[in-house]
Amino acid sequence: FFRAMKILPATAADLTDLVDLGQRLHAESVYSFLPFDRAKALAMAERFIAGPDRHMVVLARATDGAAAGMIAGFLTPHMDSDAEMAVEHLWYVASEYRGSSAGVRLLRAFLDWATGGWARERGVEDVRMTIATGIEEETVGRILEGHGMKRIGGVYHMRLNRCVKYR
C-alpha cells in the first residue's frame with residue numbers, strides 16, 4: 001500500500017487534488033478559523049505549476065491514485081543579498097497517509113529541487129522550511145533534522161479576531 005507511492009511533479013490535471021489537499025491542510029491547521037477560499041487556492045496552485053523557473057509543486061499519489069500529500073516551494077532573494085533562497089511554501093500529508101513514505105519522499109523531492117544542479121545554477125545558497133500549521137510539529141521537526149535541516153528560532157502566532165467575517 002505505502003511502498004508504491006508515486007511522487008510526481010504536479011500538472012494542470014492535478015489542480016483539483018491540490019486544492020482539496022490544501023483545504024484539508026487548512027482545516028487541520030491553526031488557521032482553520034479563517035474561511036478557506038478555493039478560488040484563491042486554485043490560483044496559487046496554477047501559479048506554482050505555471051512557473052517552474054521559480055516554483056515547484058509535487059504530489060504524492062497512493063497506489064489507488066488518491067492524492068496522499070503535496071509539497072510546494074519557491075525561490076526568492078535573501079532580504080539583504082542577491083543570493084537566492086529556496087523556501088518551502090507548504091508541505092502536507094493527509095492524515096491517513098502519515099507514517100507512510102509520502103512525507104519523506106515529498107521532502108526529498110523538495111530538497112533535490114532546492115539543492116541540485118538547477119538550484120546551483122540559480123545561485124541558491126540557503127534552504128528554508130517552516131513548521132507553522134500546528135500539525136505534528138515534533139514529528140516534522142525530527143524528520144527535518146534527520147535530513148540535515150537545523151532549527152533556528154520559531155514561529156509565534158497571535159489570533160486577533162478583529163474582523164467579524166472570520167469569527
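Biologist: Which residues touch the most other members of the largest nonpolar core?

Modeller: In this predicted model, they are Met-5, Leu-18, Ile-71, Trp-91, Leu-106, Phe-110 and Met-129, out of 44 residues in that core. As a general idea, nonpolar side chains tend to be buried together in soluble globular proteins.

Biologist: Which element gives the most to this core?

Modeller: Helix H3 does, with 7 residues. At least two residues each come from H1, H2, S2, S3, S4, H3 (102-115), S5 (124-128) and H5 (137-146).

Biologist: What is Leu-106 in contact with, leaving aside its neighbours within four places in sequence?

Modeller: Its contacts include Ile-7, Val-58, Leu-59, Ala-60, Ile-71 and Trp-91.

Biologist: Let's turn to a helix. Which residues of H2 are buried?

Modeller: First the general idea: residues three or four places apart in an α-helix point the same way, because there are 3.6 residues a turn. In H2, the buried ones are Ala-41, Met-44, Ala-45 and Phe-48. They cover an arc of only 100 degrees around the axis, so they sit on the same side of H2. The face turned away from that buried side carries Ala-39, Arg-47 and Ala-50, which are exposed.

Biologist: What covers the buried residues of H2?

Modeller: The cover includes helix H1 (15-28) and strands S2 (55-61), S3 (67-77) and S4 (84-93).

Definitions and conventions
Residues numbered from 1 in each chain as written. Predicted model: local features only at pLDDT ≥ 70, side-chain atom pairs only at ≥ 80, totals over all residues. Heavy atoms only, no water. Buried < 20%, exposed > 50% of the residue type's maximum accessible area, 1.4 Å probe, protein only. Helix = DSSP H or I, 4+ residues; strand = E, 2+ residues; numbered from the N terminus. Arc of directions from axis to C-beta. Contact = heavy atoms within 4.5 Å. Core = buried A, V, L, I, M, F, W, Y, C linked by side-chain atoms within 4.5 Å.
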